[in-house]
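Reader: I would like to go through the labels attached to this model and ask what stands behind each one.

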Amino acid sequence: MKLNITPMPRDDLVAARGLSQQVAAPIPGAVPATTPASSAAGAGRATSENSYMEFEAKSARDGAWYDVGTFLSHRYLDKGEPEVLVRFAGFGPDEDEWLNVCRQVRQRSLPCEASECVAVLPGDLILCFQEGKDQALYFDAHVLDAQRRRHDVRGCRCRFLVRYDHDQSEEIVPLRKICRRPETDYRLLQLHAANDLAANDQKETSVDPSTANAQRVAASALETTQQQQHNSDVAMAVLASQANVSQPVKTL
């Protein structure tokens, strides 16, 4: 049973995803769970699959989320809701499940890099790695609070208070246990745009010290020249005024 299986950390499932696709390849009609995507949904991921959109699915057996290896088939229920037969990455055919597309399948959550902690805010829906006595799985959770700390050589040292949706338990977790939703990509784009704008403004306003010194010397020389010219003009004016004064006529 999947309940008794402790999955690998989410960052290590990339290799397992490739293995599961090889197992599912002989099945007719099987569709890989990675489809080309023109959007930047995978921006910031440290994998070689940034040009593909990946999916994750919520197992009906334990309520945890797993990476989708392959979509094997699909069908429609009487209510018209679509379902897909999913093979989870890293698992065999015995673990295949029929899942509701609208409620149990979604775009894959993104592991957070150290610089992406700013995109995780209170109130956010996240996918969080919960470690228990018998299992360690990924569950939906909401961020209640964020304690920002200065980063060091070890990376991000921020801490987040989260509440798991399935059992309402609360826990303080580091960033490495959090996967953010792709909907938060716009925050990183805005942050990068603001940083680029600030860098450009600083570059435009900053002046090389040697250039600034030359400008000061030139300005000082110009000011000295203007002052000398002014003094010369004043002297000429005084001489001219003295020359125009009539001398008294001497009489014998």
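Author: One term is needed at the outset: buried means under 20% relative accessible area, exposed over 50%, and partly exposed in between, with a 1.4 Å probe and protein chains only. The model is predicted, so local features need pLDDT of at least 70 and side-chain atom pairs count only at pLDDT 80 or more, while totals for chains, interfaces and linings use all residues. Residues are numbered from 1 along each chain as its sequence is written, and side-chain values use heavy atoms, with hydrogens and water left out.

Reader: Why is arginine 108 called buried?

Author: Its relative accessible area is 3%. Buried means under 20%, so arginine 108 is buried.

Reader: What makes the contact between arginine 108 and glutamate 54 a salt bridge?

Author: A salt bridge is a side-chain nitrogen of Lys or Arg within 4 Å of a carboxyl oxygen of Asp or Glu. For arginine 108 and glutamate 54 the N to O value is 3.8 Å, so the pair falls within that limit. The two are 54 residues apart: arginine 108 is in the loop between β8 (105-107) and β9 (110-111), and glutamate 54 is in the loop between β3 (52-53) and β4 (55-58). Strands here are DSSP runs (E, at least two residues), and helices are runs of H or I with at least four, numbered from the N terminus. Glutamate 54 also counts as buried, at 4% relative accessibility.

Reader: How many salt bridges does the structure hold, and which residues form a network?

Author: The structure holds 18 salt bridges. One of them joins arginine 180 and glutamate 116 at 3.4 Å, N to O. Both arginine 180 and glutamate 116 are buried. Salt bridges that share partners join Glu56, Arg106, Asp140, Arg181 and Glu183 into one network.

Reader: What makes aspartate 140 buried, and which side chains does it make polar contacts with?

Author: Aspartate 140 has a relative accessible area of 14%, so the label buried applies. Its place is in strand β11. A polar contact is a pair of N or O atoms within 3.5 Å; within protein, one must be able to donate a hydrogen and the other to accept it, and residues adjacent in sequence count only if both atoms are side-chain atoms. The side chain of aspartate 140 meets that of tryptophan 65 at 3.2 Å and that of arginine 106 at 2.7 Å.
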